[in-house]
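This report looks at strand pairing and at some backbone angles in the structure shown below.

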Amino acid sequence: MKLLVVSDNHGDSKILSEVTERWRGHVDYMFHAGDSELPFESDVMNPFVKVRGNCDFDSAYPEDELVDCDGTKVFITHGHLYGIKSSLDRIGYKGDELQADIIIFGHSHQLGAEMMDGRLFLNPGSIRLPRDRNEPTYAIVNLHERQVDIDFYTDQHEKLLSWNKEFNA
């Protein structure tokens with residue numbers, strides 16, 4: 001199973017369209033972790049499971065979503081309501097409560113992947129305004145059997161780095 005994960009495009013619909021067109025038909029699910037600053041029902045946002053960020057003012061966006069992806073539970077939220085810039089504890093507790101296998105969030109504009117207690121925490125970074133690096137980023141997650149492989153790509157669709165771990169889902 002393959003997931004496209006993007007966050008924090010802050011009004012840039014062009015880059016979202018490019019990413020969607022590049023991966024449409026090659027991924028099973030598309031996730032947007034908030035701060036799109038676009039209307040919930042906009043054409044560019046329609047392919048995504050999407051949540052509300054602190055810069056999204058369309059009330060149609062849910063704060064959180066839990067999606068069953070072929071038996072893998074994916075919890076997605078922006079992260080601002082869980083204090084992710086300080087600690088992953090609160091978002092982790094919510095993941096425990098929901099029995100999520102994967103927790104996707106944005107907000108910090110910093111890419112990262114971490115396996116904690118058999119659960120994947122993933123921030124794809126920002127596709128428009130990165131922090132702590134020069135390249136805007138998004139992620140492709142490939143889950144197969146007990147292995148998770150994540151490739152982080154730049155806004156120019158060049159592979160920046162890869163990450164892989166055993167997965168307990």
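## Strand pairing and positive phi values

Asp 117 is exposed, with a relative accessible area of 84%. In this predicted model, Asp 117 sits in the loop between strand 7 and strand 8 (119-124), and its phi is positive, near 50 degrees, in a residue other than glycine. Most residues other than glycine have a negative phi.

A positive phi of about 65 degrees also occurs at His 109, which is not a glycine, and this residue belongs to the loop between strand 6 (102-104) and strand 7 (111-116). His 109 has a relative accessibility of 5% and therefore counts as buried, the cut-off for that class being under 20%. Another positive phi, of about 50 degrees, is found at Glu 145, in the turn of the hairpin that strand 9 and strand 10 form with two residues between them.

| Residue | Phi | Location |
|---|---|---|
| His 109 | about 65 degrees | loop between strand 6 and strand 7 |
| Glu 145 | about 50 degrees | turn between strand 9 and strand 10 |

Strand 9 (residues 137-144) is mostly covered, since six of its eight residues are buried. Strand 9 pairs with strand 10 (residues 147-154) in the antiparallel sense over eight bridges, and within this pairing Asn 142 stands opposite Asp 149 of strand 10. Strand 9 also runs antiparallel to strand 1 (residues 2-6), to which four bridges join it; here Leu 3 has Val 141 of strand 9 as its bridge partner.

Notes:
Residues numbered from 1 in each chain as written. Predicted model: local features only at pLDDT ≥ 70, side-chain atom pairs only at ≥ 80, totals over all residues. Heavy atoms only, no water. Buried < 20%, exposed > 50% of the residue type's maximum accessible area, 1.4 Å probe, protein only. Pairing = 2+ DSSP bridges.
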